[in-house]
Amino acid sequence: MSLAGRIFKAGPLPDAAGTRRRDTWLTLAACALGGGLLWLAENQAGGYVVHMLTLSGLFVVLAVSYNLINGFTGQFSLEPNAFVACGAYVTALLTISPLEKEASFILEPLIWPLSVIHLPLLPALLIAGLCTALMAFVMGFPVFRVRGDYLAIVTLGFGEVVRVVANNAQSVTNGPLGLKGIAHLTNLWWAWGLAGATLFVVVRLVHSSYGRALKAIREDETAAEAMGINAFWHKMLAFTLSAFFEGMAGGLLAHLITTISPSLFTFFMTFNLLIIIVVGGLGSTTGAVLGAILFTFGGEWLRVVEEPATLFGLDIPGIPGMRMVVFSLILVGVMLFARQGILGRNEFSWRWLLARLGMGRGRA
Amino acid sequence: MDLLQQFINGLTLGSLYAMIAIGYTMVYGILRLINFAHGDVMMVGCYAAWFGAAQFGLPWWVSLPVAMALTALLGVAIDQGAYRPLRRAPRISALITAIGVSFFLENLGLVIFGGRPKAFARPEIFNQIYQWGELRVLSLSVWTPVITALILAGLLLVIYRTRVGMAMRAVSRDISTVELMGVDSNRIVALTFALGSALAAAGGVFWAMKYPQLNPLLGVLPGLKAFVAAVLGGIGNVAGAMLGGLILGLAEIMLVALMPDLAGYRDALAFVLLIGILLFRPTGIMGEKLPE
Amino acid sequence: MSGALLEIEGLSCRFGGLLALDSLDLAVEPGALAGLIGPNGAGKTTCFNLITGRVRPSGGNVRFQGRPLAGLRPSRVNRLGVARTFQNIRLFDDLTVLENVLVGFHGRLKANFLSAILRLPAYAREDRRMHDRGLELLDLVGLGRLGQERASNLAYGQQRLLEIARALATGPRLLLLDEPAAGMNPNETAALARLVRRLRDDMGISVLLIEHDMHFVMNLCESLTVLDHGRVIARGAPREVQSDPAVIEAYLGAGLETAPLEGGHA
């Protein structure tokens, strides 16, 4: 059951407002605690751990927004790689210095006015988010004329088209060479700041009347339409909103890895996000967060299978590429044996946690 | 003259798309499942043929049928292992599983064969140049459409002239009624996977001869494009898949021939076509059913 | 005729070779309690689907309060004031009973999504009002205690009532009920009849309903239209229709469960 369901399950208690206030304070306290941990990590942990933590923040943004359209609205789509690419390219083109751009665009010069623009990260990110949202908006018109597996294949096609364009539109994207010399600006605070903003917006949206409408479309589109909900515009809302955040995450990704090229944004990226939200539980924001963190660190942990090792006195040669085989098996295995993923459609709630700790008065 | 040459090239490419598209369309017709792994099944077929020819020195007319048979087995195994348990699950679950199987095959291929391309030697018969006046054509380009046509004619015979074919058509119309009439639908589904996968292997081997290099990701793009071809022709319709494949192959070659500036966008053409079809005629050229 | 709430003229619908509805004329006056009956496959549900924009007609027009409905999306038709229930219940299974009703209010929500995300006072006020009204509607249909239950956990008859509450939440002037009594026991059916009458008498909602339970129809409806094979074969007050030879012929000829005369439920 959704979090909204859990809240209602308790009924409109006389102290509903009090409960809400308590939850707000608890959430703020958790944010402060999280911030403190990030600060600690930044100062005490090694560069590698910090990098992984930053990356997991970006995956949280991507998974939570991807889940909004796939899990909550029930529109199974496969385009996040296109949105991430769009955001990454736009941000990078806006922040790289004109001199650097002139040096990288060897085959064909970068078109004006991109060639002279030089913006700080924050405005560049916002513009990238808006551009990506605009792209989603335009895409939505043909895309949401179809449903089900056709929707999946059309959105996948869009991802391919974006990659082909990135490869060929030399004077904007520098073609297969990609963009180099992107400043390393993304740190823990940027990544988790965006993650926090995404969570705030998505959780609030899902718990609002709009979120109920999205779930209604997922449950039965015909009935939702008959109840006065324009399914097309609501899908568009979820789609553009998720594109907005995915675009910004793309921008931060570019400023984390400092070099981007079309080969980075293949369907492979979408596949990873799909694993994250399926394993976490389609339609659970908590699941998406959990899945993203598990994926980032689990992926590292799985490096074991790619490195030579000695087990019970046997020398086992490392098998490069084995991680992805394992990931694919996990996806298939989850679908076959645990279709709900870790959380199904359940969400974390303070009421649940307090009850667990034996402190709450309410039922879990 | 040049145009005729391009036309033959388009026909060759189109026949390959057609052969792969049939597997998609047959499976979709019966299970309403986009078998995402179909392109990768084709890749496995290519490697099987390569093993037969390069490792065991089999002549092509032996290694091709052997590869087709092995690939048919693989197709059936995938269905039984990964898709069959999900027959009654929401359709999206099966699709996600198919995506997983696809990645599994690709990455297992990378682990086993490595990312470095392997050379695929063209048999002598396909490596000659036929010359008619000014027209110079690689024998492979002539033989591919011919062999494709033969295989497809055989397939149509099976579908329209045999009891098994009749059962397949019946299952694709209404699986539950057919089961009530005592037909073992599971056997029919398995047969569909076997046939579709064998055709993919045949298509793949000719693909590998045309672009004589093997790598574990070679099935991805032809697979996706063949799916578009199947939708173009009207998904679920075998003849439509052939037509869609030919149209897509010709369109790609003609784009490159007539507008060389846009040659780089060739791989995007299929998807632009797909969006166009779904906007204006979602049932495809020969289809009847609406995508729902 | 010009004062009718819903006017249907020459409405036809063809599926392939089958003429599901053949040039239907029908008017629903404001404050009507009208019934649409006929053997299975007569085109009754098709008629609802055509009115609500779910299926495109092959010909004819539908006007609601003088406004043509042709080519409008179902959501638009609903917001003009026509709500419906479904013959094969279509609730939002994974949502709670109360949430199902709240979804019905969403189409008329004034606050935009930004104000919903930021919980601006305008949205918060509307949200509170939706909750209060939602609980009232559940009380009205007799599901007041079940608001927090999952919709799919309700009993069959309760699910039908929830569909009505959800439709009422959209604020209709005309309510189309598709076999509301199907699967209900006699007690539930009697309560349903009282509810439908209250909707008309107290809330001023006009009702057009499809039903096989002749006892229910004869007692509740003030006018009937009988369809068979997509055509109107009789119309008028229940008493007149009941004794119409064409109607008896249609029901008996179709070999259907019960003739309307016997008044049992089908």
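In the predicted model, six strands of chain C form an open sheet of mixed pairing, in which the strand order is S6-S7-S8-S3-S9-S10. The edges of this sheet are strand S6 (82-84) and strand S10 (231-236) of chain C, each of which pairs on one side only. Direction ignored, neighbouring strands of the sheet are turned by 20° against each other on average. Strands of a sheet pair through backbone hydrogen bonds, and the pairing may be either parallel or antiparallel. Within the sheet, strand S3 (residues 33-37) and strand S8 (residues 206-210) of chain C run parallel and are joined by four bridges, and Gly35(C) stands opposite Leu209(C) in S8(C). Helix H7 (residues 186-203) of chain C lies across S3, strand S7 (174-178) and S8 of chain C, and runs at about 150° to S8(C).

Taken as a whole, chain C comprises 10 helices and 10 strands. Its radius of gyration is 19 Å, close to the 18 Å that the globule rule gives for 266 residues, so chain C is as compact as a globular protein of that length. The C-alpha trace of chain C spans about 65 × 40 × 35 Å along its principal axes. Of the 266 residues in chain C, 49% are buried, and among the contacts in chain C with a separation of 6 or more, 65% are accounted for by residues 24 or more positions apart.

Chain C also touches chain A, in a contact that takes 33 residues from chain C and 29 residues from chain A. On the side of chain C that touches chain A, the elements giving two or more residues are helix H2 (74-80), helix H3 (97-106), helix H4 (113-117) and helix H5 (121-141) of chain C. The most is given by H3(C), with six residues. By class, this side of chain C has 12 nonpolar, 10 polar and 11 charged residues.

The crossing in which H7(A) passes H11(B) is left-handed. From H7(A), the residues Tyr150(A), Val154(A), Gly157(A), Glu160(A), Val161(A) and Val164(A) meet Asp267(B), Ala268(B), Phe271(B), Val272(B), Leu274(B), Ile275(B) and Leu278(B) in H11(B). The residues of this contact of H7(A) with H11(B) divide into 10 nonpolar, one polar and two charged.

Technical notes: Residues numbered from 1 in each chain as written. Chains lettered and ligands numbered in written order. Predicted model: local features only at pLDDT ≥ 70, side-chain atom pairs only at ≥ 80, totals over all residues. Contact = placed C-beta atoms within 7 Å. Nonpolar A, V, L, I, M, F, W, Y, C, P; charged D, E, K, R; others polar. Left-handed = near helix turned anticlockwise from the far one by under 90°. Pairing = 2+ DSSP bridges. Axes fitted to C-alpha atoms, helices over the stretch in contact; angles between N-to-C directions. Rg over C-alpha atoms; globule rule 2.2 N^0.38 Å. Buried ≥ 20, exposed ≤ 12 C-beta atoms within 10 Å, placed from the backbone.
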